[in-house]
Each structure stands twice: as structure tokens, then as C-alpha cells.
Amino acid sequence: MMLPLTLFLTFAALSPLAFGGGNTILPEMQREVVGVHHWLSTSDFVALYALAQAAPGPNMLVATLIGWRVDGLAGALAATFGLCLPSSLLTFVIAGLWWRFREAGWRRWIQAALVPVTVGLVGAGAAVIAAGTALGPLTAVLTALVALLTLASRVNPLWFLAASALAGVLGLA
Amino acid sequence: MAAPPEEPAGVSCADLFFGFLGIGLSGFGGVMPWARRMVVEERRWLDAASFNDLLALCQFLPGPNVINLSVALGGRFAGWRGALAAFAGLMLAPMAIVIGLGALYTNYGDLALVQHLFRGLAAGASGLIVATAAKIAWPLRREKSALAIAALVWLAAAIFRAPLIAVLVAGTGLGLLAGWRAR
């Protein structure tokens, strides 16, 4: 089978399983990419994942990088759209219905039940990520400082990120 | 999906494309902080509570939250064309950048300077995500049962690393129960 098509189908099969943002499918993605198709070694896979985390954009860009490494631009597009298309179609249909029934009692009941779960999960994601980047006291302080400044001011947070990168270069992190 | 009649007028496909292009370009360390900032604080397409509502749905459905958010918001404002415009805006720049970074990293990733830069950047990005989590929790501050469920979900996911499906099902179940009893 054509390589881009295989990439598309591999990632499309993962898409509907990506509950809660996508980090849940990482083990399965690694199994497919490293174990089943032998496209990458495990260490390559981890390196590409770290790189995708450092880049701007949704963290599932790891699919783009894997596709690119396997088959250039066509591979990058195939893997990215494979990962996004099934879940996006589902969201498009359900979000439309969701909006149409926004005044219905059952819809509000479910909505009120979903919101605390979101709050908890976003908080958990923040805790897990912050724990991962706190490599020492200085990086932890940097994280706390940026969090407080972002909450307390209306300055564009890109400035805080630029300052953080500079602090890293200066050896403070 | 037919557009509902009461939707906020005047958000075009171009608005959606460029709005989400800005998010994609600035979203170092995760896109959600920038998505909330653009949608709620800058362009005021949704208020804080509606944003949380939509985010909750996008979180519940499979797929990256922010991609789901772009599709749902684009679809609400401008049908399937809007969904496509928002999605393309969100993904275009990050895909180009990540491929460029991949090429750069292959050549220069071993330099100490580059590694220090990324460590600082990652720590700062974490701060941004923590602040977003606080902002998203803020509308719940007076709802005791919702806060309790959020805290349980946080414990299960962050500390005990419970499987996500289990957390989603149990947390939503608790919320449904609390909502049923409060009627």
C-alpha cells in the first residue's frame, strides 16, 4: 500500500480513541509506529515527541513530525489529517446538535456534569506538565512567576515566554 | 449542520482563519491558554461560562481539545466552511514550524545553548498552563459539589494517574448524580 495512505489509516484508527486531548493514545501510537510498522526506533519516537511539545500548536503535532520523518511532506499531511479527521467530524456533528439543544433540560444537566470534569482534567494536565518541566528550584520558580504574572497582568504572555527562554540561555534555568 | 438562528452574527470564515492562525502561531507549550485568550478576552466571541461549556464538550469528545474547539466554534459561526477555516488557521503555522524545528533539531539539538533555551521556555510555558487552569476553575468557585468533583478528578488524573476513560466516566457520573439531587 502507498506509504501516505498507510500513515493516514494508522493515525485515523487512533483518532477516535484520543479521549481527553490525545496523550492517552501515545502508548498505542508508539506501539504502531515503532513495533508494528518499524518506522522509527523508540528513542527517535521520544525525541520527536519532546520536540513537538516544545513547538507552538496542539501537542498532537508529534503525528506531523512522525509523518514527515517517514515520508516527507506527503507523510506529514497524511499523518496529521489522519489523526484529526475522524475526531473533527464527530465534533462537528455533535457540537452542532449540542448547540441546537442548548435550552433543553437534559442538555444543561449533562453540561453541568461535564464542566467540573474539564476543570479537574485541565488542572491535572497543568500539574503533570509543570512537574515535568520543574528540573530544579529555579525552573519551578520560573513556572510559578509566569503563572502569577499571567493571572495578575494583561501583558501578552509571549513576553513572559521570551523572558523565560532568555533566563534559560543565561543559565538561570 | 444547519446554523441555529440565534448565533452571534458577524464572525466570518476569514475572522475564524486569522483568529485561529494567531493561536497556532503563539501557542508555545500548549494552545489552550492562547485559545481562551483570543476567544474570550480579545475577540469576545464567547463569555467565560460559554467557553467552559464548549471546552467541556470538546474535552469529552475524542481528539485534541483545541482542534475540536476550532471545529466546533467554526461550525457554530459559519457552518462547515467555518469549521474548515478555523481548523486550517489553527494547524497551518504549527505544522510548518514543527517541521522546521525537526530539521533544525536534527542538526543543532546537541548544543548546550539550545537545550538551556528549551528548558527555560518549557518552564515558562508551564506557568502559562497553570494560569489557564486557574482561570478555567474560577467560574466554579461558589459551587461546592462541582468543586469537590473537580478536586476528585484532579486527584485521580494527576496523582493516581487513573486511566482517562475511567476518570471521564466516573467524574461525569458523579456530576450527573449531583445535578439530579440538586433539582
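This briefing covers a pocket and a nonpolar surface patch. The model is predicted: local features need pLDDT of at least 70, side-chain atom pairs count only at pLDDT 80 or more, and totals for chains, interfaces and linings use all residues. Residues are numbered from 1 along each chain as written, chains are lettered from A in written order, and side-chain values use heavy atoms, without hydrogens or water.

**Second largest pocket**
- Its volume is about 370 Å³, taken as the space filled by probe spheres set on grid points joined across faces, edges and corners.
- A pocket here is an open set of points on a 1 Å grid over the protein atoms alone, where a 1.4 Å probe fits, with protein on both sides within 12 Å along at least five of seven lines; lining residues have an atom within 4 Å of a point.
- The lining has 22 residues; Ala112(A), Ala113(A), Leu140(B), Glu143(B) and Ala146(B) lie nearest the centre.
- α5 (105-133) of chain A and α3 (48-60), α6 (144-159) and α7 (164-181) of chain B each supply at least two lining residues.
- Helices are DSSP runs (H or I, at least four residues), numbered from the N terminus.
- α5(A) gives the most, with seven residues.
- The lining divides into twelve nonpolar, five polar and five charged residues.

**Nonpolar patch**
- Leu152(B), Trp154(B), Leu155(B), Ile159(B), Phe160(B), Leu174(B) and Leu177(B) make a surface patch of about 680 Å².
- Patch residues have over 30% relative accessible area and no salt bridge, with nonpolar side chains joined within 5 Å.
- Accessible areas are Shrake-Rupley values with a 1.4 Å probe; a salt bridge puts a Lys or Arg side-chain nitrogen within 4 Å of an Asp or Glu carboxyl oxygen.
- α6(B) provides the largest share, four residues.
- Phe160(B) sits in the loop between α6 and α7 of chain B.

How values were computed. Ala, Val, Leu, Ile, Met, Phe, Trp, Tyr, Cys and Pro count as nonpolar, Asp, Glu, Lys and Arg as charged, and the others, Gly among them, as polar. Patches are made of residues with over 30% relative accessible area and no salt bridge: like charges are joined within 9 Å, nonpolar side chains (Val, Leu, Ile, Met, Phe, Trp, Tyr) within 5 Å.
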